[in-house]
Amino acid sequence: MLRFVVRRLLLLIPILLGLSVLVFVWIRALPGGPAEALLGERATPESIRQIEDQYGLNKPVYVQYWSYVSTVARGDLGTSVTTRRPVAEEIEQRFPATVELTIAAMIFAVSLGVPLGFIAAKKYGGPADHASLVVTLLGISMPIFFLAILLKYVFAVRLGLLPTVGRIDPLIDISHPTNFYTIDALLNGNLNAFWDVTKHLILPAIALGSIPLAIIARITRASVLDVQNEDYVRTARAKGLSPRVVDQRHIFRNALLPIVTIVGLQAGLLLSGAVLTETVFAFPGMGTWLVTAIKGRDFPVLQGGILFVSLIFVLINLLVDVAYAFINPRIRVS
Amino acid sequence: MGWRPLRLVLPLVAFALVFAAAGCGGGGSSGGGDNGGDMVFGTAADPVVLDGALVSDGESLRAIDQMFEGLVTLKPGTTEVVPALATSWKADPAGTSWTFNLREGVKFHDGTDFNAAAVCYNFDRWYNFKGPFQQQSATYYWQTVFGGFSDKKTPSLYKSCEAKDDKTVVINLTKPSASFLGALALTNFTIASPEALKEFDADKGSVDEETGFKPTGTYGTEHPTGTGPFKFVSWTRGDRLVMERNEDYWGDKAHIDKLIFRPIADNAARLQALQNGEIQGYDLVEPQDINTIKGDDSLQILDRPAFNVGYVTINQKVKPFDNLKVRQAVAAGLDRQSVVDNFYAGRGQLATQFMPPSLEGYADDVQEYTYDPAKAKQLLQQAGVQTPLKVDFWYPTDISRPYMPDPKRNFEAFAASLNKSGFQVVPHSAPWSPDYVGRVDEGTAGGLNLIGWTGDFGDPDNFIGTFFQQPTDQFGFENKELFGLLDRAERETDSAKRIDLYKEANREIMKFLPGVPYVNTEPALAFNSNIKGYVPSPVSLEQFSSVEIEGQ
Amino acid sequence: MSVAEAEARTIQLEAPSGLWHEAWRRLRRNPGAIVGFVLVATFLIVALFAPLIATHDPREQNLALLGGSCCPGPSADHFFGVDALGRDLFSRVVYGARFSLLIGVVSVIVGLTFGIMIGATAGFFGGWIDSVLMRFMDIMLAIPGLLLAIGIVAVLGPGIFQIMIAVGVTQIPVFARLLRGSILGVRESDYVLAARSVGVPGRAILGAHILPNAMSPVIVQGTLALATAIIDVAALGFLGLGPQDPSTPEWGTMLTDTTRYLQTAPFLALIPGAAIVISVLGFNLIGDGLREALDPRFRGRG
């Protein structure tokens with residue numbers, strides 16, 4: 001097991017290197033050249049020259065790349081052009097927000113998607129199955145931002161049940177030791193705040209989780225259908241085990257494998273979707289941050305943000321692989 | 001069929017839904033603190049930094065207005081200069097030495113005394129800005145009003161400041177100026193606590209490796225210290241800026257306990273937040289939402305007096321726009337009336353010149369232009385250009401301005417009418433910040449671009465002086481007569497003569513046609529019906545200290 | 001002819017026709033696929049015959065219709081009403097189908113072409129070529145799709161052509177991996193081994209067995225990729241990175257422009273949104289149907 005993990009970690013290195021090269025090249029490919037890109041429209045000839053000196057832009061490419069990599073490795077991801085704060089500091093504030101939203105979306109997707117897929121598989125070919133197919137298809141066919149807009153309009157404006165913007169009511173004051181507002185509220189012992197934060201998460205989580213919900217439901221259905229027809233299930237049934245025991249002991253546990261993989265792989269989808277969902281709900285996470293950066297041509301933020309997000313994504317994939325190997329011992333040996 | 005986990009999930013979901021329905025929807029003002037209540041106001045963006053000397057964006061100015069005061073201010077809702085931290089003032093006969101008598105017993109939020117030394121500290125601080133602080137992005141307003149700094153690279157209107165005693169301060173100028181006093185009402189010239197400025201490194205800034213100018217001290221982000229009716233509590237970007245009532249304020253204390261600014265970028269989202277009770281008011285209401293708000297009994301609309309102008313720049317550095325006939329063709333090719341009639345929900349008025357009608361110096365007899373595609377084509381022919389004439393026309397994205405709530409919409413309508421009038425429009429756009437404004441200022445936004453202006457103080461110099469008193473890259477022309485005329489008008493101390501000079505200038509400008517103004521609007525703010533006492537100002541200098549929440 | 005040769009001949013001849021025939025039969029019986037087919041056919045007809053179907057010029061403005069506010073709803077003259085610049089919404093939606101089709105098809109072609117080239121090379125040659133190419137694909141996959149597209153658009157600048165390329169590029173790794181996996185899988189499968197052991201020449205194996213089986217997931221993915229492309233393009237348009245000529249009738253940008261009118265003229269946003277959902281749904285239904293039809297596991301179950 002350990003060897004497996006170590007091997008996967010080692011494989012990580014070329015990917016990370018490749019990523020850093022990609023981002024490095026990308027920043028130089030941006031219109032206006034890197035100095036102007038980093039300074040924004042406030043660039044004066046003196047400040048450009050200053051940057052070129054400081055960055056060594058007149059030095060050979062490999063020197064530049066090395067200084068870029070060493071700066072990043074130190075944890076210095078640059079400074080935002082719009083807010084003039086260190087990118088790393090902004091990530092510290094914004095990343096937990098997106099993670100919280102993503103986890104909420106995942107909880108929504110899994111807790112509704114798995115049962116939905118399971119029921120559809122059990123009632124294969126029947127109306128429930130077809131209904132679930134329609135629902136899941138609609139889920140992946142609807143643009144997230146459109147769904148978010150509709151949800152907001154119906155539940156917040158028309159029905160007034162849920163909030164439309166932000167993470168927490170501005171009149172609620174709690175300390176933020178972790179920047180995960182749900183945990184912070186609990187740490188503050190403030191249940192009212194906890195409920196308020198949860199309310200703010202509901203609509204964005206539904207919008208964001210709609211596609212993973214659909215995918216998880218379909219995978220669960222397919223997976224259960226597969227396993228259902230396997231020999232060992234037939235044997236178990238033949239042995240006389242009750243359907244429920246068969247479900248639990250054999251079907252569910254084995255169908256779990258692809259589901260777990262898919263759940264892990266949704267990370268990328270969720271991070272992309274977060275960009276769109278957060279914009280609609282003015283949710284102060286990485287999504288709105290990156291969108292503002294694109295529009296405001298805040299290249300240090302884009303560079304640091306994309307690098308960071310990709311790093312997280314790669315790590316998640318690693319975790320998924322490890323988890324998969326854990327569940328399925330056959331993989332470790334290969 | 002039994003699947004245990006499913007049976008657990010369903011009731012949980014049902015429970016959650018019931019809970020959601022039972023709980024009150026959205027946020028709402030809790031009755032925390034004393035009995036004044038708390039208020040949440042929806043802004044369009046976060047402030048950039050809370051140091052008046054270093055900002056020029058509306059949201060920073062809005063926040064700073066609540067916590068800081070200057071020597072003078074404007075009477076709420078007007079452009080009339082009234083005392084603030086100075087109780088009276090006088091200029092010497094030469095007009096270059098201004099003596100201010102300061103209010104006594106005023107303290108900064110950190111407990112230190114407000115006095116003449118503090119005033120001089122502030123003025124000298126601005127005058128002595130060096131290096132990165134001299135960039136236009138850092139000290140725009142100082143440079144517009146006073147010009148240069150102590151290093152004398154460019155001449156400055158400011159000469160020196162003397163603290164005669166604790167309550168008398170003299171500001172010396174290098175030449176007389178009729179707009180100096182009005183300019184002092186600008187948020188950028190509010191007085192901050194010298195102790196706080198020093199302690200929190202307000203003057204630390206650098207050309208950062210990556211961003212150009214950057215203030216590196218914590219003054220502007222964590223310790224803004226003024227004398228105003230609200231004091232700073234905390235600021236979390238993207239979430240909220242919290243201020244509370246200053247109990248030691250020298251004047252009428254604020255009614256509300258806590259004032260919170262909440263940035264919500266999307267205009268429609270702000271409306272929804274208001275309807276849902278998450279905020280109690282917001283700025284920059286879109287024209288089509290005004291009726292929706294008016295139709296809701298729990299909400300109200302407040303009007304800001306019209307003090308802006310929306311116009312189309314004509315860049316004469318781009319040929320053939322240096323030809324008067326071509327510029328006249330542009331004026332004849334823009335269907336301004338249709339745009340004003342249809343896009344502003346009745347709150348826009350066709351602009352005949354580069355100033356709003358309420359400002360003195362407005363001329364009733366300027367040359368007027370109407371939409372006439374045939375005439376436009378004729379003029380182009382007379383000018384000897386080939387039709388259709390290709391023109392790069394720029395407009396901003398991701399922004400809503402009081403004079404231009406939907407820039408893209410205005411652009412499309414104008415482009416269509418120009419295309420019918422012998423032009424061929426090539427569309428270009430850029431996000432407002434940071435690109436668009438910079439491009440317009442530098443003259444790299446094509447031959448035509450959409451822009452506008454909201455007045456900062458009640459002086460015609462703030463409109464047409466700023467635009468046309470000197471050569472600019474934006475308009476790209478040299479018209480010595482016009483420059484001279486506006487220069488004379490600025491210096492003229494006799495107010496009747498001054499008004500006449502500005503009227504003449506407006507006539508000249510509309511003959512010369514450096515651009516085509518099209519609208520003056522009455523911007524709107526939206527509030528809950530129980531919010532009383534908010535006084536909209538033409539220059540957006542608005543105090544929350546007079547606001548009361550009815551029923552609190 | 002020996003028995004072995006006869007067997008080889010039969011294997012050679014049966015595999016292709018058996019596969020496609022059966023798939024087609026199954027597809028025809030799948031109600032979801034039929035619905036999808038109808039939707040896609042409608043979409044294609046509208047897109048291809050837009051000039052005949054639209055009632056007005058989609059870019060022509062008529063400010064007088066606005067009467068001072070926005071916006072008049074559906075009427076006899078204007079089936080879907082009129083937008084904020086007095087343009088006929090029905091015609092804009094119709095021409096929007098054209099744009100979506102164009103952008104979707106080009107993106108998928110870009111992704112497919114490069115993806116197949118890379119994937120086939122990797123799968124067929126194996127060894128270090130395979131490792132290098134797949135590492136490269138891994139790096140591309142390391143960046144979440146939309147962000148990668150945004151990064152590309154940041155370099156190329158906004159515009160229709162640029163988002164086609166950006167979205168296309170994000171699809172390359174998926175096709176590459178798919179094809180490579182397919183080829184690898186098929187290369188080692190029983191019937192190919194059998195064919196080889198009996199002496200069927202390599203080229204024939206490639207043509208009769210490897211490619212048809214490897215292609216089926218690609219076809220399925222292609223349809224689904226088209227669906228994703230349409231949504232991704234709308235997303236980029238929503239973020240303001242799409243067509244730079246604002247009068248362009250593209251569904252995604254139409255959505256951005258009209259959300260501000262949700263309370264006064266909701267149809268302006270709801271109709272283009274519904275159009276996106278319906279078209280994408282159609283492609284997804286067909287893609288699903290194809291997948292089930294071509295899935296070897298279901299073969300033999302009729």
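Predicted model: local features only at pLDDT ≥ 70, side-chain atom pairs only at ≥ 80, totals over all residues.
Me: What makes α13(B) mostly covered?
Reply: A residue counts as buried if 20 or more other C-beta atoms lie within 10 Å of its own. In α13(B), 12 of the 13 residues are buried, including B:Pro407, B:Phe411, B:Phe414 and B:Leu418. B:Lys408, B:Arg409 and B:Glu412 are buried too.

Me: What covers the buried residues of α13(B)?
Reply: The cover includes α10, α11, β17, β18 and β19 of chain B, together with α10 (251-258) of chain C.

Me: Which numbers of residues do chains C and B put into their contact?
Reply: Chain C gives 20 residues and chain B gives 21. The chain C side divides into eight nonpolar, nine polar and three charged.

Me: Why is α5 of chain A called oblique to α6 of chain A?
Reply: They pack at an angle of about 140°, with their axes 7 Å apart. Roughly antiparallel would need an angle over 145 degrees, and roughly perpendicular stops at 115. That leaves α5(A) oblique to α6(A). The crossing is left-handed.

Me: Which residues make that contact?
Reply: A:Leu116, A:Ile119 and A:Ala120 come from α5(A), and A:Ala128, A:Asp129 and A:Ser132 from α6(A). They divide into four nonpolar, one polar and one charged.

How values were computed:
Residues numbered from 1 in each chain as written. Chains lettered and ligands numbered in written order. Contact = placed C-beta atoms within 7 Å. Nonpolar A, V, L, I, M, F, W, Y, C, P; charged D, E, K, R; others polar. Helix = DSSP H or I, 4+ residues; strand = E, 2+ residues; numbered from the N terminus. Axes fitted to C-alpha atoms, helices over the stretch in contact; angles between N-to-C directions. Parallel < 35°, antiparallel > 145°, perpendicular 65-115°, else oblique. Left-handed = near helix turned anticlockwise from the far one by under 90°.
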